[in-house]
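Colleague: Before I use this model for anything, could you take me through its packing?

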Amino acid sequence: MAAEQGDSQFKHLYEKTVSSLRRYLGRILRNESEAEDVAHDAYLRVLPTVRENRAENPDALLFVTARRLAFNRLRRRRISVEQETEDISRQGESNAPGVVHQVMARQELSLVELAIRELPPGCRSVLLLRKVELLSHQEIADRLGIAVSTVEKQHARALRLLKEALPEEAWSRAGSQHSRQAGRDKA
C-alpha cells in the first residue's frame, strides 16, 4: 500500500515537473539533449526519497538536485575543454628555434663566411677540407700534395685567424664545435 502511494506520488511529481524541469536545465546547460539526460538523472536520484515520502517539498528537492547535476556537468565540460586546449597547445609547441634565434644564427653565419673568405687561400682550403668534408690531416695532405705538418700548421693558423676575426660569442660557439670535433678525432 505504501509502495503504491509512493509510486503515485512520484508519477504525479514527474507529470507536474518534467516540462518545466527540462526547460530550466536547458537554460543552464544550453543543450537540449544534455538537459534531458540530467533531468532523467535527477528523477532517479530523488525517486527513493519521494517513494518513501521523506521529502517535505519534492519539487524543490528535484530542482535542487537537477541544478547540482547540471553544474557538475558544466564543470566537467569546462575541464574537458581546458584539457583539449592544453593538448592542442602542447601539439603546437615546437623545438624549432624562434625568429630571434634564427636571425642571430644567420648573422653569425654571415660573419663566419666572411672571415673564412678573408683567410689566406692555403689556410682556407685546409680549413674547409677539415671542417666541411671532415677529412683527416693525412687525407688533406694526400689530396693537396703537402706534408701533414703543413696541414696541421695551416689548420692551426686558420683557427687563430678566425678567432681574431670573429666576435667572442661566435667564436666560443664555433670553438665548442671544434672541441667536439677534436674529441671525435681522438676517439
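Colleague: Leaving aside its neighbours within four places in sequence, which residues is Thr-65 in contact with?
Modeller: The model is a predicted one, in which local features need pLDDT of at least 70 and side-chain atom pairs count only at pLDDT 80 or more, while totals for chains, interfaces and linings use all residues. Residues are numbered from 1 along each chain as its sequence is written, and side-chain values use heavy atoms, with hydrogens and water left out. Taking contact as heavy atoms within 4.5 Å, and setting aside neighbours within four places in sequence, the partners of Thr-65 are Ala-42, Arg-45 and Val-46.

Colleague: Is Thr-65 buried or exposed?
Modeller: Thr-65 sits in helix H3, where helices (H or I, at least four residues) and strands (E, at least two) are DSSP runs numbered from the N terminus. Buried means under 20% relative accessible area, exposed over 50% and partly exposed in between, with a 1.4 Å probe and protein chains only. Thr-65 has a relative accessibility of 16%, so it counts as buried.

Colleague: How are the rings of Phe-10 and Tyr-43 arranged, given their centres and planes?
Modeller: Rings of Phe, Tyr and Trp (its six-membered ring) pair if their centres lie within 6.5 Å, and planes under 30 degrees apart count as stacked, over 60 as edge-to-face and the rest as tilted. Phe-10 in H1 and Tyr-43 in H2 are 33 residues apart in the chain, and both count as buried, at 17% for Phe-10 and 6% for Tyr-43. Their ring centres are 6.0 Å apart and their planes lie at 85 degrees, so the pair is edge-to-face.

Colleague: At what angle do the axes of H6 and H7 cross?
Modeller: Axes are lines fitted to C-alpha atoms, for helices over the stretch in contact, and angles run from 0 to 180 degrees between N-to-C directions. On that basis the axes of H6 (residues 137-144) and H7 (residues 148-165), which come within 8 Å, cross at roughly 110 degrees.
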